[in-house]
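Colleague: Please take me through this structure, giving the grounds for each term you apply.

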Amino acid sequence: MEKANLDWSNLDFSYRKTPYRYVANYKDGKWGKGEITTEDTIVMSECAGVLQYSQSIFEGLKAYTSKNGDIVTFRPDLNAERMIDSAKRLEIPAFPKEEFLKAVEETVKANAAYVPPYGTGASLYIRPFVFASGIVIGVKPSTEYQFRLFTTPVGPYFKGGAKPITICVSDFDRAAPNGTGQVKAGLNYAMSLHPYVTAHNNGFDENMFLDPATHTFVEETGGANFIFVTKDGKIVTPKSNSILPSITRRSIMYLAEHVLGMQVEERKVTLEEVKDFAECGLCGTAAVISPVGKIVDHGKEILIPAGMEKMGEVTQKLYDTLRGIQLGEIEGPDGWIHKIC
Ligand code: PLP
Ligand code: COI
């Protein structure tokens, strides 16, 4: 199969249309049969639930070309399960796990020419989503939905790739104490846009959101969880029921403990103690592991000892292990790599 003619090593994180996507519709109380299509536009009522009351959820995962030439995805079963959790919270009918996995498989296979070659640092980002396509005017769940999954070849999420970034402590909340922060609802991201633009206008790459109830504990950024490394080499990640349970973070914590033999802790992390950590990184499908060099808390600079030049040593070890597994250079735990073709 001939690859598309793209400058693979210089891709950024943006949308590039690929030829095929997958669509399934929910109507009359059930999901219909899904299929591959080339149609990338959607026609719906002006009164569709997604347009009026933001009833939508999504996922994000990646396909890679591994060292031996296989096209693979990383733990897609967890994305399927998380989308079911998101659906429950938004009163959306769950899209079955098996159908989700079939959609990933068929769409990636159909767009194989757009899966970046091994060694380029790029990957094929996969975006499954469900939105309320039915008419809704009183505030209530729609009776019709569409599942869609498209793909787009991408490079690093943050400009500069593995260069440490600078973030600021946000005055805004991303989630409510008993809200939707723990699921992947489009509305969470709409909420984070004003804080994101504000942070950017002030010269920062991202926000550090604090817990919405007390503003004392570290939560996450707009699109990634935090991992910290203590001065004695322990891996610490914030525990909270209003952050997204990142699949990347769960995988890193497992690898740190079971493959690298490190000590790990998932616990509440106060903003106050961040100055005492040796390394800080953001982890997620898009972010992979992006190092944080500086955190600015209302004019007060917290300089992470790992510095602004490169990833800290421990973060690099975690990154190399995770990447190595995703790219088939290192054998991962059973069932983590899902071969597509
Ligand atoms: N937190 C938020 C708010 C996100 O949007 C994402 C991205 O999906 C993550 C964390 C990382 O999650 P994952 O590792 O499953 O991609
Ligand atoms: C991801 O990492 O997949 C995300 O969804 C983060 C962001 C692009 C929303």
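Predicted model: local features only at pLDDT ≥ 70, side-chain atom pairs only at ≥ 80, totals over all residues.

Colleague: Which residues touch the most other members of the largest nonpolar core?

Modeller: They are Trp31, Phe100, Val104, Val108, Val130 and Phe147, in a core of 31 residues. Two or more residues of this core come from each of β1, β5 (61-65), α2 (76-89), α3 (97-110), β7 (123-132) and β8 (145-154). The element that gives the most is α3, with 5 residues. Apart from this core lies another, of 22 residues, including Phe158, Ala224, Val274 and Cys280.

Colleague: Why is the pairing of Arg16 and Asp12 called a salt bridge?

Modeller: The cut-off is 4 Å between a side-chain nitrogen of Lys or Arg and a carboxyl oxygen of Asp or Glu. Arg16 and Asp12 meet at 2.7 Å, N to O, and the pair therefore qualifies under the 4 Å limit. By this rule there are 15 salt bridges.

Colleague: Which parts of the chain does the salt bridge between Asp40 and Lys17 link?

Modeller: The side chains of Asp40 and Lys17 meet at 3.2 Å, N to O. This pair links distant parts of the chain, 23 residues apart: Asp40 lies in the loop between β3 (35-37) and α1 (49-53), and Lys17 in the segment before β1 (21-27). At 30% relative accessibility, Asp40 is partly exposed.

Colleague: How do you know that Lys275 and Asp276 form a salt bridge?

Modeller: Their closest N and O atoms are 3.7 Å apart, which means that the pair meets the criterion of within 4 Å. Lys275 is partly exposed, with a relative accessible area of 44%, and Asp276 is partly exposed at 40%. Elsewhere in the listing, salt bridges that share partners join Lys234, Glu265, Arg267 and Glu273 into one network.

Colleague: How many residues of domain 1 are in contact with domain 2?

Modeller: The domain assignment gives domain 1 (8-154) and domain 2 (165-326), with C-alpha centres 25 Å apart. In domain 1, 22 residues are in contact with 23 residues of domain 2. The area buried between the two domains is about 1800 Å², and carbon and sulfur atoms give 62% of it. On the side of domain 1, Phe58, Phe74 and Arg82 lose the most area to domain 2, together 35% of what that side buries.

Colleague: What polar pairing is counted between domain 1 and domain 2?

Modeller: Between them there are 9 residue pairs in polar contact, with both residues at pLDDT 80 or more. The count of salt bridges between domain 1 and domain 2 is 0. The elements giving two or more residues to the side of domain 1 that touches domain 2 are β4 (56-58), β5, β6 (71-74) and α2. The largest share of that side, 6 residues, comes from α2.

Colleague: Why is Thr180 called buried?

Modeller: Its relative accessible area is 12%, and the limit is under 20%, so Thr180 is buried. Thr180 is found in the loop between β9 (165-169) and α4 (186-201). Not counting residues up to four places away in sequence, Thr180 touches Arg89, Leu90, Leu187 and Asn188.

Colleague: What makes the pairing of Thr180 and Asn188 a polar contact?

Modeller: Their side chains approach to 2.7 Å, and the limit for such N or O pairs is within 3.5 Å.

Colleague: Is Ser142 buried or exposed?

Modeller: At 7% relative accessibility, Ser142 falls under the 20% limit and is therefore buried. Ser142 lies in the loop between β7 and β8. Neighbours within four places in sequence aside, Ser142 is in contact with Gln55, Ala132, Ser133, Gly134 and Val136.

Technical notes: Residues numbered from 1 in each chain as written. Chains lettered and ligands numbered in written order. Heavy atoms only, no water. Helix = DSSP H or I, 4+ residues; strand = E, 2+ residues; numbered from the N terminus. Buried < 20%, exposed > 50% of the residue type's maximum accessible area, 1.4 Å probe, protein only. Core = buried A, V, L, I, M, F, W, Y, C linked by side-chain atoms within 4.5 Å. Domains from an automatic or database assignment. Contact = heavy atoms within 4.5 Å. Buried area = accessible area lost by both parts, 1.4 Å probe. Polar contact = N/O pair within 3.5 Å; in protein donor to acceptor, adjacent residues only side chain to side chain.
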